[in-house]
Amino acid sequence: MMKHFLFLFILLVSCSKAESQQAEVLGIPQSRISEIKNFIKDKGYNQDLAIFINFKIPSGKYRYFIYDLKNNKIVQKAIVAHGSGSVISGSNALKFSNIEGSYQSSLGKYAVGGSYVGQFGKAYRLKGLDPTNDNAMQRAIVLHSFSSVPDVESERATSLSLGCPMLSVNAFKETAKYIDKSELPIILYAFY
């Protein structure tokens, strides 16, 4: 009987490690997930979902993830553009800024706000919650789609934005389903 309990315990531990390692393998370090879980705890944010953007991953690859915080799994992954000003000529590294007119992406936590219809169609306002992105509203940094962002990964870099995280039209539609269903703001966390 004790052998069965021991086996079951080892199986459960290895499964939970595999789930957390799956997220890490797919581009979200476990430390970032834990950070967001602690940040939203007992606050007026969606406790079930968070959006992560890992700008360390090349732009032609999946680096945008909607993560199910309760079940520890990725429910959507997509390609996301970064700002044209974030490009460092002759380098794969990126730079980031919170300054209006920089055309750079900003790092940090955002609360995904209400939607509106603008020049790119439906978009979601992003309220910067950190000193590294607290000018997001003033800079009109929003989550939106753009037709030249592909759905499928490739070795080629995707198109560039003026600082906004841009998704493909299809990825944006899928994301919108999650955001529109949520009664509380979802946290988007961009990191490097």
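Helices (H or I, at least four residues) and strands (E, at least two) are DSSP runs, numbered from the N terminus. On that basis the protein holds 4 helices and 8 strands, and along the sequence they follow the pattern α-α-β-β-β-β-β-α-β-β-α-β. This is a predicted model, in which local features need pLDDT of at least 70 and side-chain atom pairs count only at pLDDT 80 or more, while totals for chains, interfaces and linings use all residues. Residues are numbered from 1 along each chain as its sequence is written, and side-chain values use heavy atoms, with hydrogens and water left out.

**The whole chain**

Of the 192 residues, 42% count as buried, where buried means under 20% relative accessible area, exposed over 50%, and partly exposed in between (1.4 Å probe, protein chains only). The accessible surface comes to about 10,400 Å², of which 57% belongs to carbon and sulfur atoms; such areas come from the Shrake-Rupley method with a 1.4 Å probe, and for residues only the protein chains shown count as cover. Contact means heavy atoms within 4.5 Å, and among contacts between residues at least 6 apart in sequence, 54% join residues at least 24 apart.

The 8 strands form an open sheet in the order 3-2-1-8-4-5-6-7, with mixed pairing. Strand 3 and strand 7 are the edge strands, each pairing on one side only. Helix 2 (residues 30-40) packs on this sheet, touching strand 1 (49-54), strand 2, strand 4 (108-118) and strand 8 (187-191), and its direction makes about 145° with that of strand 8; axes here are lines fitted to C-alpha atoms, for helices over the stretch in contact, and angles run from 0 to 180 degrees between N-to-C directions.

| Strand pair | Sense | Bridges |
|---|---|---|
| Strand 2 (residues 64-68) and strand 3 (residues 73-78) | antiparallel | 5 bridges |
| Strand 5 (residues 121-128) and strand 6 | antiparallel | 3 bridges |
| Strand 6 and strand 7 (residues 166-167) | parallel | 2 bridges |

Helix 4 lies across strand 1, strand 2, strand 3, strand 4, strand 5, strand 6 and strand 7, running at about 60° to strand 5. The buried residues of helix 4 are Ala171, Phe172, Thr175, Ala176 and Ile179. An α-helix has 3.6 residues a turn, so residues three or four places apart point the same way.

Glu174 also belongs to helix 4 (residues 169-181), but Glu174 is partly exposed, with a relative accessible area of 34%. Leaving aside neighbours within four places in sequence, Glu174 is in contact with Val75 and Gln76. Lys77 lies 97 residues from Glu174 in sequence, and their C-alpha atoms are 10.0 Å apart in space.

Definitions and conventions: Two strands pair if DSSP finds at least two bridges between them.
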